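Here is a short briefing to read alongside the model. Have the viewer open, and follow the side chains as we go.

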Amino acid sequence: MPSSTGALPLRRSRTRRMGESAYGLLLLARNAAVALFALLIVAAGVWASWGTAQHAMLTKGRERGTLTVRSCGDEWCTGSFAPAGHSGEPRAAMRVDAAVADGAGDRLAVVVKPGTDQAVRTGAAGVLHAWVPFGGSLLLAAVVLAGGLRMRRTGWGMAVAGGALLVASFATL
């Protein structure tokens, strides 16, 4: 069948057609690998965040109360725990992440991780702080998507979402 220019279409050799399809298959495999890597980064961020976020967000049925900070080190602040109502027993030595406390004398609404001496801050500040690893993974996955898959708009959207999460966490703490 003649083309719109009137010339007959050229028939490519079988070898060339196989080479073109193999190259297309390689491109498809590369794009699938990059997409899988980006998905793995985001899943790792969710996994890292969920260990703390579940306690900060789902407080019903858990031991809730107030932690009065006595002293802070590089990573942890320690203090006494006073339960809210009849949800638990007072404890003299509880610890909380130093990033969520301002220092000695600070009073924080917390929930106790079951079976530990560790408390997690609740409320908006605690929830946002718990999701910080997810925000970082969104930023990293945005670079992978924009650079590896040439999905610039999606990359920018993920970067803005991750950055907004990190800024909101910083602002509330």
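Trp50, Trp131 and Phe134 come together as one aromatic cluster. The model is predicted, so to speak of local features a pLDDT of at least 70 is required, side-chain atom pairs count only at pLDDT 80 or more, and totals for chains, interfaces and linings use all residues. Residues are numbered from 1 along each chain as its sequence is written, and side-chain values use heavy atoms, with hydrogens and water left out.

**The aromatic cluster**

- Searching the whole structure gives 2 aromatic pairs; rings of Phe, Tyr and Trp (its six-membered ring) pair if their centres lie within 6.5 Å, and planes under 30 degrees apart count as stacked, over 60 as edge-to-face and the rest as tilted.
- The ring centres of tryptophan 50 and tryptophan 131 are 6.3 Å apart with planes at 45°, so this pair is tilted.
- Because tryptophan 50 lies in helix 1 (residues 14–57) and tryptophan 131 in the loop between helix 2 (123–130) and helix 3 (132–148), the pair ties together parts that are 81 residues apart in sequence.
- Helices here are DSSP runs (H or I, at least four residues), numbered from the N terminus.
- Tryptophan 131 also pairs edge-to-face with phenylalanine 134, at 5.8 Å centre to centre and 75° between the planes.

**How open the cluster is**

- Buried means under 20% relative accessible area, exposed over 50%, and partly exposed in between (1.4 Å probe, protein chains only).
- Tryptophan 131 is buried at 17%, while tryptophan 50 is partly exposed at 36% and phenylalanine 134 is partly exposed at 22%.

**Serine 137 in helix 3**

- Serine 137 belongs to helix 3 and is buried, with 6% relative accessibility.
- Its side chain reaches the backbone oxygen of phenylalanine 134 at 2.7 Å; a polar contact is a pair of N or O atoms within 3.5 Å, where within protein one must be able to donate a hydrogen and the other to accept it, and residues adjacent in sequence count only if both atoms are side-chain atoms.
- Beyond its neighbours within four places in sequence, serine 137 is in contact (heavy atoms within 4.5 Å) with Ile41, Val42 and Gly45.

**Two arginines to look at**

- Arginine 95 lies over the face of tryptophan 76, 4.0 Å from the ring centre; a charge sits over a ring if NZ of Lys or CZ of Arg is within 6 Å of the ring centre and within 35 degrees of the ring normal.
- Arginine 150, in the loop between helix 3 and helix 4 (152–172), has a positive phi near 60° and is exposed at 56% relative accessibility.
- Most residues other than glycine have a negative phi.

Technical notes
Helix = DSSP H or I, 4+ residues; strand = E, 2+ residues; numbered from the N terminus.
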